[in-house]
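Reader: Could you walk me through how to read the inside of a protein model?
Author: Gladly; let us look at it together.

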Amino acid sequence: MRKVLLALLLAAFCLSLYAFTHLKRIRRHTNLNLASVSAIFPVDQNGVTKAIIKMFREGNPPRTGKFSHFSLAQVGEEQFPADYQLSNYQDDESLRRYLSIDVARRRLDFYLYDFSDADNRKDYWTSDYYCGSDPVLFRCNFIIHQEPEGAEHTKVEIFEFAPRVWVGKKFGFERHGPGYYLDIRKVDPTTSDRVDLLALLKEALQK
């Protein structure tokens with residue numbers, strides 16, 4: 001019995017070592033690495049709110065690209081993540097900063113989300129992350145924070161929620177036993193996607 005146990009432990013160790021040595025290394029490559037992605041628009045807060053709602057709820061969202069399949073929620077709606085849900089990502093410095101903003105200043109914020117199957121690679125897009133020279137698929141949801149900046153201007157800042165990458169498959173141990181499973185990993189927020197969303201909002205405000 002003892003020999004069998006030792007053999008099982010050795011096999012588990014070898015399998016774990018194999019999984020570790022074959023783990024794909026993911027790196028972030030970007031020309032931009034901004035902790036904060038924001039802009040001040042020459043429109044009052046009511047105008048910004050109307051433009052966002054018109055684009056993503058009442059109007060014409062992008063027909064193609066990464067933002068084409070997103071839905072919109074406002075603070076207080078069921079889909080908008082509660083603070084305790086956001087606090088589960090305490091290792092994300094930008095979300096910690098978002099939670100430090102007084103609740104009253106976040107009352108007009110928006111949540112841009114995609115609740116489709118996270119195991120469907122079609123709902124991912126290429127972004128800042130690479131495995132070697134190959135881009136790795138990425139997805140996240142977005143928080144659009146807005147505050148008045150004087151009487152006729154509004155500051156808009158973009159935050160990412162639950163950013164992750166689709167790496168492929170990896171060998172591991174799950175409830176069904178050892179085997180090859182999807183390798184989906186949490187990562188730090190990207191910069192390019194926040195910049196792209198901010199540019200899209202700017203375009204909407206100019207219409």
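This is a predicted model: local features need pLDDT of at least 70, side-chain atom pairs count only at pLDDT 80 or more; totals for chains, interfaces and linings use all residues.

Reader: How many cavities of 30 Å³ or more does the count give?
Author: Rolling a probe the size of a water molecule over the atoms shows where empty space is left. A cavity is a set of points, on a 1 Å grid over the protein atoms alone, where a 1.4 Å probe fits but cannot get out; grid points are joined across faces, edges and corners, and the volume is the space filled by probe spheres set on the points. Here the count is one, and the largest cavity has a volume of about 40 Å³.

Reader: Which residues line the largest cavity?
Author: Lining residues have an atom within 4 Å of a point. They are Phe41, Val48, Ala51, Ile52, Val156, Leu201, Ala204 and Leu205. Two or more of them come from each of α2 (45–58) and α5 (192–205); helices here are DSSP runs (H or I, at least four residues) and strands likewise (E, at least two), numbered from the N terminus.

Reader: Which residues have the most contacts inside the largest nonpolar core?
Author: In soluble globular proteins, nonpolar side chains tend to be buried together. A nonpolar core is a set of buried Ala, Val, Leu, Ile, Met, Phe, Trp, Tyr and Cys residues joined through side-chain atoms within 4.5 Å, with buried meaning under 20% relative accessible area (1.4 Å probe, protein chains only). The largest has 31 residues, and Phe56, Phe142 and Leu197 have the most contacts inside it. Apart from that core lies another of 12 residues, including Tyr98 and Tyr111.

Reader: Why is the pair of Phe80 and Tyr111 tilted?
Author: Rings of Phe, Tyr and Trp (its six-membered ring) pair if their centres lie within 6.5 Å; planes under 30 degrees apart count as stacked, over 60 as edge-to-face and the rest as tilted. The model has 13 aromatic pairs. For Phe80 and Tyr111, the centres are 5.7 Å apart and the planes at 55°, so the pair is tilted. This pair links distant parts of the chain, 31 residues apart: Phe80 is in the loop between β3 (71–74) and α3 (83–86), Tyr111 in strand β4.

Key:
Residues are numbered from 1 along each chain as its sequence is written. Side-chain values use heavy atoms; hydrogens and water are left out. On a 1 Å grid over the protein atoms alone, a cavity is a set of points where a 1.4 Å probe fits but cannot get out, and a pocket is an open set with protein on both sides within 12 Å along at least five of seven lines; lining residues have an atom within 4 Å of a point. Buried means under 20% relative accessible area, exposed over 50%, partly exposed in between (1.4 Å probe, protein chains only).
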